[in-house]
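Me: I've got a new one open and could use a quick tour. Can we go through it bit by bit?

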Amino acid sequence: MTLADAFLAQADACRHLGSPFMGRLLSLLAQHWPTDSALDRRCALWSGDIGPRGASLPLRIAGGLHALVLTGRDAGLAAAYPPAHVSDPVLCDALLAALTEHETFMLEWIESAPQTNEVRRSSALIAAAHWIAARHDLPFVTSELGASAGLNLAWDRYVLRAGDRRLGPNDGVLCLSPDWSGPMPAARPITLAQRRGVDLNPLDARDPAQALRLFAYLWPDQPHRQDLTRAAIDALDGPVDRGDAIDWLGPRLSGAPEGHVHLVYHTVAWQYFPPAAQARGTAMIEAAGARATASRPLAWFAMEADDKSDGAALTLRLWPGDLRITLGRADFHGRWVRWAG
């Protein structure tokens, strides 16, 4: 996949995810990318899949540009961003000028993977947890891989609502209302005894400088996502360790306590792990699953891209027994959930 192809693929994905501005921006970059720049040469040397299902170079570049706007470093670029609406030539000129003027910043920015700590992904996670709780009436211990700032560590404090159906506490700190189809799992009492996450570059969302990375990946024409993120930051509850997710996971698996269900999960993070790490992580989880018992079960929930184009697959493996359950599909940003669990 060429960089231009990656821009166009991401542009199409952004339009489908409700962001016409990002569709325009990425399409313009596909057509007018500054070739033979230092930024172009760095992208050309990138190994592996650079598109939306891999390293997501277009999102990294768009995130860096948005960061320039949010920090007030480029007034000309900010004037072309929502809520303003300018013509394509004006937007294109502003983008190219910013890429040239802030090339050093952009080169540094794209070295880190996107951190779209999308709170609405907790909709599927909440439903999966209640599904698990119906089968294992035990408190949870959770381990999130690729947790970013940890906003989805607090899923048990959020409310999932679909019409007159709801899951979650009466005093939930925020309410998620995706377009839901299919039967909602039965509500079960949820006790979360311990929560913890890991990320190569964990963010302290209460630090404005680090929160910038979160908000830079919230698309400029979707302010409602910013509101949910602010509410989730106020509810932060659980540490995110810095480290390699698979190295970190080993002790978590071996130290899972008796009388608890250990829920390992990740939402649109697995694709950023190198293939060797994915294989090693799968083998570790399967080995831990083989040791699981009815009083110490293990669950592995994933919300990840697959070979289909309509959102992410919701999959669950549950031990003992290595049950493999297709729970349904969800929009990458949690706008809709098609539940089949």
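Me: How many disulfides does the structure hold?

Reply: Zero disulfides, taking a disulfide as a pair of cysteine sulfur atoms within 2.5 Å. Cys14 is in none, and the nearest cysteine sulfur to Cys14, that of Cys43, is 16 Å away. Cys92 is in no disulfide either; there too the nearest cysteine sulfur is that of Cys43, 16 Å away. Before we go on: this is a predicted model, where local features need pLDDT of at least 70 and side-chain atom pairs count only at pLDDT 80 or more, while totals for chains, interfaces and linings use all residues. Residues are numbered from 1 along each chain as its sequence is written, and side-chain values use heavy atoms, with hydrogens and water left out.

Me: Is Cys14 buried or exposed?

Reply: Cys14 counts as buried because its relative accessibility is 0%. Buried means under 20% relative accessible area, exposed means over 50%, and partly exposed is in between (1.4 Å probe, protein chains only). Cys92, at 7%, counts as buried as well.

Me: Switching to rings, how many aromatic pairs are there?

Reply: The count comes to eight. Rings of Phe, Tyr and Trp (its six-membered ring) pair if their centres lie within 6.5 Å; planes under 30 degrees apart are stacked, over 60 edge-to-face, and the rest tilted. One of the pairs is Trp109 with Tyr217, which is tilted, at 6.0 Å centre to centre and 35 degrees between the planes.

Me: Which parts does the pair of Trp109 and Tyr217 tie together?

Reply: Trp109 lies in helix 7 (residues 103-109) and Tyr217 in the loop between helix 9 (208-216) and helix 10 (223-234), so the pair joins parts that are 108 residues apart in sequence. Helices (H or I, at least four residues) and strands (E, at least two) are DSSP runs, numbered from the N terminus. Both Trp109 and Tyr217 are buried. Ring pairs also link Phe105 with Trp109 and Tyr217 into a cluster.

Me: What sits over the ring of Trp109?

Reply: The charged end of Arg213, 3.9 Å from the ring centre. The rule for a charge over a ring is NZ of Lys or CZ of Arg within 6 Å of the ring centre and within 35 degrees of the ring normal. Arg338 does this with Trp336, lying over its face at 4.1 Å from the ring centre.

Me: OK, cavities. How many of 30 Å³ or more?

Reply: One. A cavity is a set of points, on a 1 Å grid over the protein atoms alone, where a 1.4 Å probe fits but cannot get out; lining residues have an atom within 4 Å of a point. The largest cavity has a volume of about 50 Å³, a volume being the space filled by probe spheres set on the points, which are joined across faces, edges and corners.

Me: What lines the largest cavity?

Reply: Its lining includes Met22, Leu25, Leu59, His66, Tyr81 and Tyr217. Helix 4 (57-70) and helix 2 (20-32) each supply at least two lining residues, and the largest share, four residues, comes from helix 4.

Me: And where is Leu176 found?

Reply: In strand 4 (residues 174-176). Leu176 counts as buried, at 2% relative accessibility. Gly334 is 158 residues from Leu176 in sequence, yet their C-alpha atoms are 8.8 Å apart in space.

Technical notes:
1 Å grid on protein atoms, 1.4 Å probe; cavity = no way out; pocket = protein on both sides within 12 Å on 5 of 7 lines; lining within 4 Å.
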